[in-house]
Amino acid sequence: MVNADGSFVLDVELVSRINEERAIQPNAQRSVSFNRTLETLDIAEAYTLKADGRKVKVSADQIKEQQEKASVEAPMFQDSLVKVVIFPEVAVGDRLVLHYQRHRTTPLFPGQFEDLSAPDYYQQETVTFTYDMPADMPLHADFKGFKASTPDAAKGARSTAGSCYPPKKPARKTALSRTPITDNSSPYRRSATTRNSLRPTLLARTSR
């Protein structure tokens with residue numbers, strides 16, 4: 001949800017399925033970055049969904065907060081932190097479920113909202129973005145491969161709209177496949193707003 005001053009709450013639910021043994025080691029840990037000066041990051045829920053339906057929850061001591069590696073030799077990145085989520089009992093056929101919220105309390109540019117998402121190199125089954133915006137805040141977006149929905153009037157002076165990256169049958173099975181619900185895996189997504197612009201034709205929006 002985006003606020004009029006450019007602050008926002010980003011809600012992300014990411015589901016990854018382990019298809020092959022070689023996908024376990026690089027994906028049993030998931031890092032989420034954030035800027036401690038501009039925002040906070042909360043891990044709402046994380047668990048391994050076993051093939052038999054059992055949920056093995058990530059415990060508090062399996063979530064580690066660390067300095068971003070880039071900050072070691074680059075002092076300008078000292079505010080960049082990561083939370084590393086360590087999934088338990090990961091095996092082939094399991095799904096790794098991660099739900100987190102990023103609260104941007106200080107906008108990068110006052111009165112404006114901006115967002116950038118880059119792809120992961122995995123098969124994407126379903127990707128959906130939904131933006132909840134002030135009705136008078138236009139959104140400029142550049143999406144590739146997404147189908148946009150028509151903005152809907154919400155309660156009060158807000159509007160919502162969404163876009164979906166439809167599933168495609170892969171030519172071959174990959175080691176890992178992901179089903180992001182709101183973020184973190186579009187072929188390319190960049191969104192921005194400015195309070196003084198005319199409302200453009202909607203290309204896409206996200207759950208901010």
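Let's start with a pair of strands. S5 and strand S6 (residues 80-86) run antiparallel and pair over 5 bridges. Two strands pair if DSSP finds at least two bridges between them. Strands here are DSSP runs of E, at least two residues long, numbered from the N terminus.

A word on the source. This is a predicted model, where local features need pLDDT of at least 70, side-chain atom pairs count only at pLDDT 80 or more, and totals for chains, interfaces and linings use all residues. Residues are numbered from 1 along each chain as its sequence is written, and side-chain values use heavy atoms, with hydrogens and water left out.

Back to the pair. Lys64 has Val84 in S6 as its bridge partner.

Now the whole sheet. It is open, has 3 strands in the order S2-S6-S5, and pairs antiparallel. Strand S2 (29-35) and S5 stand at the edges with a single partner strand each, so one side of each has no neighbour in the sheet.

Next, Gln62. Where is Gln62 placed? Gln62 sits in the loop between strand S4 (55-57) and strand S5 (63-67). Its side chain reaches the backbone nitrogen of Ser59 at 2.8 Å. Leaving aside neighbours within four places in sequence, Gln62 is in contact (heavy atoms within 4.5 Å) with Lys57, Val84, Val85, Ile86 and Pro88.

Methods:
Helices (H or I, at least four residues) and strands (E, at least two) are DSSP runs, numbered from the N terminus. A polar contact is a pair of N or O atoms within 3.5 Å; within protein, one must be able to donate a hydrogen and the other to accept it, and residues adjacent in sequence count only if both atoms are side-chain atoms.
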